[in-house]
Amino acid sequence: MRNEPSITPAQVSEHGLSQDEYQTILNVLGREPNLTELGIFSVMWSEHCSYKSSKYWLKTLPTEAPWVICGPGENAGVVDIGDGKAAIFKMESHNHPSFIEPYQGAATGVGGILRDVFTMGARPIANMNALRFGAPEDARTRHLVAGVVAGVGGYGNCVGVPTVGGEVNFDAAYNGNILVNAMTVGLADADRIFYSAAAGIGNPVVYVGSKTGRDGIHGATMASAEFDDATEEKRPTVQVGDPFTEKLLIEACLELMATDAIVAIQDMGAAGLTCSSVEMADKGGVGIDLDIDKVPQRETGMTPYEVMLSESQERMLMVLRPGAEATARAIFDKWQLDFAVVGRVTDSGRFIGRVAGAQVFDIPVRPLVDESPEYERPWVKTPAPQPLASVTAPMTHMAALQALLSGPDLSSRRWVWEQYDNSVMADTVRKPGGDAAIVRIHGSNRGLAIATDCTPRYCLADPHQGGAQAVAEVWRNLTAVGARPLAVTDCLNFGNPERPETMGQFVGCIQGMGAACRELDFPVVSGNVSLYNETHGQAILPTPAIGGIGVLDDLERYADLALSRHDDQLILIGESSGHLGQSIYVRQLLQLQDGPPPPVDLATERRNGDFVRGLIADGTVDTCHDLADGGLLVAAAEMAMAGDIGLDLEGPDEAGFWFGEDQGRYLLAVPGAIVDSILQLAEKRQIPARTVGRTGGQALTLNAGAPISLSELRRSHEAWLPDYMQSA
Amino acid sequence: MKARVHISYKTGVLDPQGKAIGLTLANLGFAGVGDVRQGKLIELELAETNADKARVSVEAMCEKLLANTVIENYAIELDNE
Amino acid sequence: MKASVIVFPGSNCDRDIQVALANSMGGPVDMVWHGETEMAKTDLIVLPGGFSYGDYLRCGAMSARSPVMREVVARAEQGVAVLGICNGFQILLEAGLLPGALLLNAGRNFVCRDVNIRVENSQTPFTNGYEQGQVLRIPVAHHDGQYFADPDTLVELRAADRIAFRYCGVGGDEDGAAGPRDNPNGSIDDIAGIFNDRKTVLGLMPHPERAADPVHGGTDGRGLLASLVSALA
């Protein structure tokens, strides 16, 4: 080992390690680490890689079902979707980098999640995202929205994967910490999934993709004694994405995967070469020797520390079968990508790096992974919210509807999704703007439905209900298009887990999610945790973003939210208690953030959803929308605007009925001739169902009051976001 | 020898990025900024040491690839240090 | 009929047009790598959409100089039909097979949405299946689609019926210019696609291959492929 100066306590803390954790390192090594080794331990034991604050609770989530091929632990989750095909998917956060540099932060977030998916052998077929920004009034919000949206689009559009939907929300709690959560869904042959466990002593370890630079190396490197006057040039830089290289990498990897050359493959994401090598060695129960100087480098004079910790994008690590090097090299040459044999699989169980033949680090793999800290952080249960005082409607229901549809929460997101290529690959069946996106499974008449959701204000008021609601709403979104929900990925965004209140939100959300996943047979197969989303003591709203997928067995039978016929009856499925606590109505129109969120009754959720899905699957229903933010009247207006057909609505003259956010509800538009049979069937299954209106005309009318024309409604609905983005 | 190629839109070609920069500058209170044009700078490391030959060669590069002379002008700057 | 789709590094609509063409032709389509210097006999060459070379430097600039393009230009001169869609249109301009240039969208953002385009000349191998003046609904998806040409070129394009499609409103607005939202990128004279003087080369920004199957929600793009099949069979 190279002789280096002793590690100082200051260096230990600059690497984010506690003194206890450092003591564990000394025990594992039986000696002092050098700086490179300290760097390796620090990234492997970081919150991001080790899940040290969260794994105790993550283990409580259900992860299995007969259709789950691979749950959490690999690059992404894998689910059997029938016909010999598998869907591979995951959602991941890129919050902090996106706040610093919105375009590149968001772009590299998309790039990272795409790699997680094609690493496992899948061709990416759809991207989704969940974006949360600060209050529209905050000085930085407009700039962040513009940059993030352009970055998401810039990357996804260039690689040629359609971005088929997503969420955009605003809340002052995200002023100092925006959330950029990106999800990718890929398609693979179910018997051709690639995993990361290294195997075969002596097999070559191969590096492919872009060269390694000094991107994203933790600021702690600045403490390195080896830095000289040229430090300015060595300052860690924002990671810059190169979607063109990513596109070539996708094609090259999929071409190589069609051969039998690959033993194991892992993308280089957070902590780059370190994390990918260690995970491959640990999963395979082997060691890995790396020749650091063989790693393709973009800059001169990089230290081993920098090479091992670089987060340069668009790179992959593979273990190849003996003799497969020439085949693999030819493919990467064709795509003009770097290809280098950088090491070997060994039987030593150690992770060893050499420069010019001399060892620069030597760490036993098992303890590096197994001895990583795990904390059961103290937490306190979030107190139950105060009840909502009785609400007096501040304006007519129609005026309230117009205000809501043209406000920041519920206005059209068209300005955002028109910047995303949603139809490349020519398999997009349902474009953004609906409950769930649908993409065709290429070459078949079956489809995958995809949805993301989370209602952070519910999670803040009652983490358990909020966690359950996020899962239930995704399940409902998939059901509303007729899909059979299969599994979810989660992206858990929270504040500082060292605060018991924040940890209590985390625990509550996980428990609620777990209950919903179990009841709805909707296991978690992949995910990501992002903690410490906090600035100046202001934590974000607890935001467990959920992404789910479902399958449609026949693309002739799915439901759309757009009204498509005149003289249809509008049927409301589900119980309406008029729950206004935590609703958009009281938040926007009365500036109230009081009351409990609407409770999620999972058995009811399931019963109502199974009923609706059955009606779509047997061809009875083709027009359906689930009720969510804004309640019944907002959902009805969305159906009318989407189909450009008006509605005459009838019901109790109560704000709670029209704007309450009771869960487990759907609106169906069906021809008059079959209304009675649907109502009778619902009654037989003890599902509340009633008619609330009739389609026709070009206006929305409520209880025979003054109509609002659809064109007027649409104009104000469409105007808010583009107007906001253009005003300076 | 180092060559710098400055590429900009020809007069009359709409430059939406330049226009947006001009608007933003005005919004930030910078008065008196007229037309704003955004271009690009391409730096080339050349083995050639003769400036005349280098200029001929870089001009050819501009005509063949670096600039689209339908819409773009280019200017070449050679640096002998 | 034989058709060939050129694949550049960064092409991403190559498979889409391959599938749509194969469906229209009822037979296979050749995929030709950009590094090839020779190409088998073919009746139609397609330059697909995408971000070839990442759209770095200028859209289509580097692809237009790739080895296979010498052969594409030679075939075009012999009268072989060449279709450039989106990035393919940009490459055709950079290669000099069509006049003008495509600039950053006037709105400065990428734009993906369905647009209406009017068929301006139905007497060509690409458009014979459409009616003159027919309005088609087809998606666009691009960042640099603002067509630009100098005044002389525009005069020539109009005089020789070389404007293939113009962006328009739902009704076709024959009597006037397209509304601001109807022209998605600020193209001069609402131009969405143009021919060479012999009408054997077409470049257009909208993606007919994304409106070629009922699951796309519309099939107006099929007519373009069907026109080619009937003209070149």
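I began with A:E314, which lies in the loop between helix 12 (304-309) and strand 10 (315-320) of chain A; helices (H or I, at least four residues) and strands (E, at least two) are DSSP runs, numbered from the N terminus. The model is predicted, so I kept in mind that local features need pLDDT of at least 70, that side-chain atom pairs count only at pLDDT 80 or more, and that totals for chains, interfaces and linings use all residues. Residues are numbered from 1 along each chain as its sequence is written, chains are lettered from A and ligands numbered from 1 in the order in which they are written, and side-chain values use heavy atoms, with hydrogens and water left out.

**Positive phi**

For A:E314 I noted a phi near 60°, a positive value in a residue other than glycine. Most residues other than glycine have a negative phi. I also looked up the accessibility of A:E314 and found this residue buried, with a relative accessible area of 2%; buried means under 20% relative accessible area, exposed over 50%, and partly exposed in between (1.4 Å probe, protein chains only).

I then turned to C:R108, where phi is near 70°, again a positive value in a residue other than glycine. C:R108 is found in the loop between strand 5 (101-103) and strand 6 (111-119) of chain C, and at 39% relative accessibility C:R108 counts as partly exposed.

**Salt bridges**

Side chains of opposite charge can pair when their charged atoms come close.

In chain A I looked at the pair A:R565 and A:D568, whose closest N and O atoms are 3.0 Å apart. A:R565 counts as partly exposed at 27% relative accessibility, whereas A:D568 is buried with a relative accessible area of 2%.

In chain B I found B:D79 in a salt bridge with B:R4, the closest N and O atoms being 3.7 Å apart. This pair links distant parts of the chain, with B:D79 in strand 3 (residues 72-79) and B:R4 in strand 1 (residues 2-9) of chain B, 75 residues apart. B:D79 counts as buried, at 15% relative accessibility.

In chain C I checked C:R158 and C:D189, whose side chains meet in a salt bridge at 3.0 Å, N to O. C:R158 lies in helix 4 (residues 151-159) and C:D189 in the loop between strand 9 (163-168) and strand 10 (191-195) of chain C, so the pair ties together parts that are 31 residues apart in sequence. I noted C:R158 as partly exposed with a relative accessible area of 42%, and C:D189 as partly exposed with 27%.

I also wrote down a network of salt bridges that links B:K40, B:E72, C:R58, C:R65 and C:E94.

I next took helix 19 (residues 500-519) and helix 21 (residues 602-617) of chain A, whose axes come within 10 Å and cross at roughly 40°; axes are lines fitted to C-alpha atoms, for helices over the stretch in contact, and angles run from 0 to 180 degrees between N-to-C directions. That makes helix 19 of chain A oblique to helix 21 of chain A, since angles under 35 degrees count as roughly parallel, over 145 as roughly antiparallel, 65 to 115 as roughly perpendicular and the rest as oblique. I recorded their crossing as right-handed, the term for a near helix turned clockwise from the far one by less than a right angle, with anticlockwise giving left-handed.

In chain C, helix 1 (residues 14-25) and helix 5 (residues 222-232) pack at an angle of about 50°, with their axes 9 Å apart. I therefore listed helix 1 and helix 5 of chain C as oblique to each other, and noted that helix 1 of chain C passes helix 5 of chain C in a right-handed crossing.

**Separations along and across the chain**

I looked up A:T543, which lies in strand 21 (residues 543-552) of chain A and is buried, with a relative accessible area of 0%. A:T543 and A:R457 are 86 residues apart in sequence and 8.7 Å apart in space, C-alpha to C-alpha.

For C:E77 I noted a place in helix 2 (residues 67-78) of chain C and, at 57% relative accessibility, the class exposed. The C-alpha atoms of C:E77 and C:P214, 137 residues apart along the chain, are separated by 36 Å.

Conventions:
A salt bridge is a side-chain nitrogen of Lys or Arg within 4 Å of a carboxyl oxygen of Asp or Glu.
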